[in-house]
Amino acid sequence: MQQRQRLNSAPTRAYPMLAAILAVAMVAAAAFGGRRILQVQSAAPADMEVYSATGSFADGANVVVDDAAVKSQGEGDERRVVKEFTRDREFSMVGLTWAGDRDIVAYVRAQHADGSWSPWYLMDQTDPPAGATKFGTEPIYVGPTKRVQVSTGNVDLLEGGRAQAGAATTARDIEAVFLDGGTGTTNGTIKPVADSYTASMPRVITRAQWGAGRSNNPTYTEPVTAATVHHTAGANDYSEAQAPGIVRGIWAYHAKDLGWGDVGYNAMVDKYGNIYEGRAGGLDRAVQGAHGGGFNQTPGGVSVLGNSQPPQPPPAAIAALGQIIGWKAAVAGFDPMGYSYHRAEFDFEGSKYARGQGAMFPNINAHRDFHYNQCPGDNLYARMGDIRAAAAIKYNAVRGIRGVANPSVPRLTNIVNPNGITTAVTPGAGAGTNTAATAAASLSNAISGIASGDKVAIATAAGTLAGVVLIWAFSKGYFDNQIKNVAGTEIISGLTVKDITPLVGPALQLAGGAKAADAWKRLEPSLGEVVGAVSGIGGQELVFYAGGLGVKDAKGEIYALAGEIADAWLQQGLDLGPLGMPTSQAIEAKDGEIRMTFEGGAIVFTPSTKTVNIITN
């Protein structure tokens with residue numbers, strides 16, 4: 001408390017510093033409020049060449065081999081026909097595309113410099129977005145080569161010079177695509193970003209760094225409620241310098257050859273543990289990808305470069321998956337160890353679920369959970385539990401969750417506000433552990449960091465609904481000896497919605513830019529006129545009314561807080577405090593008590609005694 005007293009003893013000298021803090025905080029609030037985390041989306045695309053060439057699948061040579069991957073081109077034990085393609089220029093990735101949704105099986109292998117052949121690599125089919133007319137396999141990395149063979153099933157190769165066939169798919173219906181993305185990033189080295197406005201965000205190689213081209217405008221489908229793990233398949237013997245080229249090749253194939261306008265994954269991870277920013281639109285946002293067919297809307301997609309069918313996934317890749325998915329879970333607000341319901345938005349070849357059908361899935365799931373395929377490979381699939389555990393550790397670190405049991409203590413009544421309302425805190429009256437999704441260890445820590453100009457503290461606070469309110473209130477001197485500690489819970493004594501609304505209104509309108517929608521207007525009869533609004537992480541919104549608060553959580557649920565309950569939630573720090581976000585509307589019991597539950601406990605107001613009890617789990 002001594003540091004705050006010293007800072008507030010000279011408000012005229014501190015105010016220029018506060019103005020600078022507020023300016024930084026508004027930028028940080030905008031980043032958390034839904035624009036972007038990494039400031040790379042407006043950067044001009046780098047001039048990184050991606051070699052791409054196409055040709056009709058029918059133009060490949062019909063070659064007879066005795067070790068084809070698919071045994072459909074022939075009968076009995078006789079040798080099988082495969083398509084062979086030779087290019088003058090070296091390439092490293094191969095894909096097949098076609099019009100319409102077709103049932104095609106394909107494998108590819110590449111010829112090494114010494115004339116030997118690589119293993120056959122399964123060419124998994126892509127899961128395109130709704131309305132797509134062009135389909136195909138994923139682009140498979142085979143290593144630098146000039147010659148490949150493709151073994152197919154359910155495709156009439158028209159061997160022997162035949163010109164006609166009654167098959168549903170012939171070689172003429174397929175295009176072969178050959179790609180090479182080169183090596184290195186735009187600066188020639190693998191160098192993830194070192195800083196961002198986001199506390200605890202893992203280091204990421206941005207689109208500008210790995211050389212992404214321009215993208216179509218992203219589609220947002222807040223909130224993100226899950227993450228789907230993939231692998232890109234193909235060869236695993238790529239170098240760290242070759243990995244960005246694979247990412248560029250996937251981008252070129254998805255964006256241009258398939259016509260999706262951008263890469264389908266939200267992020268990618270290589271075997272060295274490097275994380276690559278995927279689809280444009282902001283890593284903190286719910287950018288709809290193209291990786292799960294009818295299940296693209298709410299899960300984000302993260303793909304590991306390489307094959308885990310059957311090789312073992314590298315430990316660095318497992319760790320990187322845990323880092324990026326755990327961070328995303330904390331930002332979006334979904335439990336890495338939990339489950340949620342997902343349903344197919346449209347019919348899709350190979351899907352386990354028809355349009356409208358769904359099921360409960362782990363919040364960190366795998367591609368094969370939704371579709372009949374091997375992705376992300378048997379050995380990576382066997383490590384899904386490890387990925388969830390690693391993500392949970394990251395999630396807990398970002399959200400500040402501490403599973404420390406609080407002893408049960410009697411009700412305390414030692415804070416009396418100017419309006420005569422007594423505030424008490426009852427720890428341990430709930431589940432026995434503090435599991436509130438708090439973004440800071442305490443109000444005093446958050447405010448101390450804000451006061452000292454700590455960028456991370458400002459960004460962490462501004463990423464919450466409470467952030468701009470706390471920063472603005474601090475600049476108005478609301479923390480002069482007013483933070484009281486009651487049973488381990490910090491309370492901003494005397495801070496009320498009525499008092500602070502005239503002060504925060506302009507700040508909230510500036511930082512949030514969220515206009516009052518019809519849903520917010522419907523609360524005006526009970527809460528008064530809308531004054532201002534601010535957006536938080538994961539689609540959350542906070543609206544100040546003349547007589548209360550309205551809050552929308554990451555799932556879109558809207559809660560109304562009026563009177564003493566609104567003041568109590570404000571005093572304990574909104575979503576920065578131990579209660580976290582509301583989980584129910586206020587309910588009046590038979591004895592007249594009004595109770596509202598939150599992630600980390602409840603607020604109970606007793607009108608007869610003018611007592612507010614904050615119950616923390």
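Which residues lie nearest the centre of the largest cavity? That was my way into this structure, which is a predicted model.

**Entry 1: the cavity**

The structure holds 3 cavities of 30 Å³ or more. I went for the largest cavity, with a volume of about 190 Å³. Its lining is made by 17 residues, and those nearest the centre are Asn266, Ala267, Leu283, Gly300 and Lys328. I checked who gives the largest share, and that is H5, with 4 residues.

Then I sorted the lining by class. I got 10 nonpolar, 4 polar and 3 charged residues. A reminder to myself on how such spaces turn up: rolling a probe the size of a water molecule over the atoms shows where empty space is left.

**Entry 2: helix H4**

Next I picked out helix H4, residues 243-257. How far does H4 reach from its first C-alpha to its last? I noted 20 Å for its 15 residues, close to the 21 Å expected at 1.5 Å a residue. I also looked at how covered H4 is, and 14 of its 15 residues are buried. Taking buried as under 20% relative accessible area, I'd call H4 mostly covered. Just after H4 comes Gly259, and there I found a positive phi of about 75 degrees.

Last, I went to strand S22, residues 548-552. Is S22 largely enclosed or largely open? I counted it as largely enclosed by the rest of the structure, because 4 of its 5 residues are buried.

I then looked for its partners. Strand S21 (residues 541-545) pairs with S22 in the antiparallel sense over 5 bridges, and a hairpin of 2 residues joins S21 to S22. Strand S23 (residues 558-562) pairs with S22 too, again antiparallel and over 5 bridges. The hairpin of S22 and S23 has 5 residues between the strands, and in it Gly556 takes a positive phi near 90 degrees.

Methods: Residues numbered from 1 in each chain as written. Predicted model: local features only at pLDDT ≥ 70, side-chain atom pairs only at ≥ 80, totals over all residues. Heavy atoms only, no water. Buried < 20%, exposed > 50% of the residue type's maximum accessible area, 1.4 Å probe, protein only. Pairing = 2+ DSSP bridges. Expected span 1.5 Å × (residues − 1). 1 Å grid on protein atoms, 1.4 Å probe; cavity = no way out; pocket = protein on both sides within 12 Å on 5 of 7 lines; lining within 4 Å. Points joined across faces, edges and corners; volume = space filled by probe spheres on them. Nonpolar A, V, L, I, M, F, W, Y, C, P; charged D, E, K, R; others polar.
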